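Welcome! Open the model in your viewer, keep the selection tool at hand, and let's walk through it stop by stop.

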Amino acid sequence: MTDRQVVLKSPREIALMREAGRIAALALRETAKAAEPGVTTAELDRVAEAAIRSRGGIPSFKGLYGFPASICCSLNDEIVHGIPSTKRTIRAGDLVKIDIGVKREGYHSDTALTVGVGAIPPEAQRLIEVTEQALWAGIRACCAGGRVRDISAAIERYVRSQGNYGIVRQYVGHGIGRQFHEAPQVPNYLDPRHPVNTPLKPGLVIAIEPMLNAGSWETKQRPGDSWTVYTADGSLSAHFEHTVAITAGEPEVLTLP
Ligand code: MG
């Protein structure tokens, strides 16, 4: 993989992305709070869209590759790209994954989290915690002078130290900026045959997004649903994501409220 297409951002551009990120973070927090038993995923989509637009943002996902909603909302064994629906009602015990993108003044941000609704089994709670900590392990590896593979390795090393989780391989993090998906890809595992060697330079902005399954890493799609990605073995899945700017010093997480 070359880094020819990587677009480094100026401090002015990162300031714009920081504002897009702040709106995404606030919208994500509001939407997660609304995830209660009896609420449909379509209602969460409405909450998110209102939270984004009231702050001057535009939902990045709406229309992206033809996606029909403002958020992706994926339940339980759904990994990513679930379409909000009036027919999907959240129940106690569900794992709800909410993924939000916001565009503002031409720049995108991308952030996601997983919440357990009501009482969830300890192993589901642990899956959530390990996935969130895997994201932070990746963020801590965002050091100028390093390579994207350092992030992948840090995430994989942390996950392996925590048990037998399946790290999703088919979907990965990505550069982000004027385009929602930019180079480089940011895998959550190290593939020695295809090392991702893009240098981490100040001004590189990436979305890091580990997806962990309680079972196998393998994924599937179902007939008649060209969007939702499921775990192949029906096991639970969790997902966390932040948009992160590489700086000369500490990495800056742009998607914090
Ligand atoms: Mg993303």
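Donors here are N, O and S atoms within 2.8 Å of the metal (3.2 Å for Na, K and Ca); water is not among the atoms, so sites may look incomplete. You are viewing a predicted model, where local features need pLDDT of at least 70 and side-chain atom pairs count only at pLDDT 80 or more, while totals for chains, interfaces and linings use all residues. Residues are numbered from 1 along each chain as its sequence is written, and side-chain values use heavy atoms, leaving out hydrogens and water.

**Stop 1: the magnesium ion**

Select the magnesium ion, then Asp110 (OD), His174 (NE2), Glu209 (OE) and Glu241 (OE): these are its protein donors, 2.0 to 2.4 Å away. Along the chain, the donors follow the spacing D-x63-H-x34-E-x31-E. Asp110 belongs to strand β5 (residues 107–116) and His174 to strand β7 (residues 173–175), so this pair ties together parts 64 residues apart in sequence. Helices (H or I, at least four residues) and strands (E, at least two) are DSSP runs, numbered from the N terminus.

Are these two buried or exposed? Asp110 is buried, at 2% relative accessible area, and His174 is buried too, at 4%. Buried means under 20% relative accessible area, exposed over 50%, and partly exposed in between (1.4 Å probe, protein chains only).

**Stop 2: the five-strand sheet**

Now color β8, β7, β9, β14 and β15, which in that order make an open sheet of 5 strands with antiparallel pairing. Two strands pair if DSSP finds at least two bridges between them. At the edges stand β8 (182–186) and β15 (252–253); each has a single partner strand, so one side of each lacks a neighbour in the sheet.

Zoom in on β9 (residues 205–208) and β14 (residues 242–245), an antiparallel pair with 4 bridges. Here Ile208 stands opposite His242 in β14.

**Stop 3: helix α3**

Next, select α3 (residues 122–140), a helix of 19 residues. Its buried residues include Leu127, Ile128, Leu135 and Ile139. α3 lies across β9, β14 and β15, at about 10 degrees to β14. Contact means heavy atoms within 4.5 Å; axes are lines fitted to C-alpha atoms, for helices over the stretch in contact, with angles from 0 to 180 degrees between N-to-C directions.

**Stop 4: the three-strand sheet**

Finally, pick out β6, β10 and β13, an open antiparallel sheet of 3 strands in that order.

Notes:
Expected span 1.5 Å × (residues − 1).
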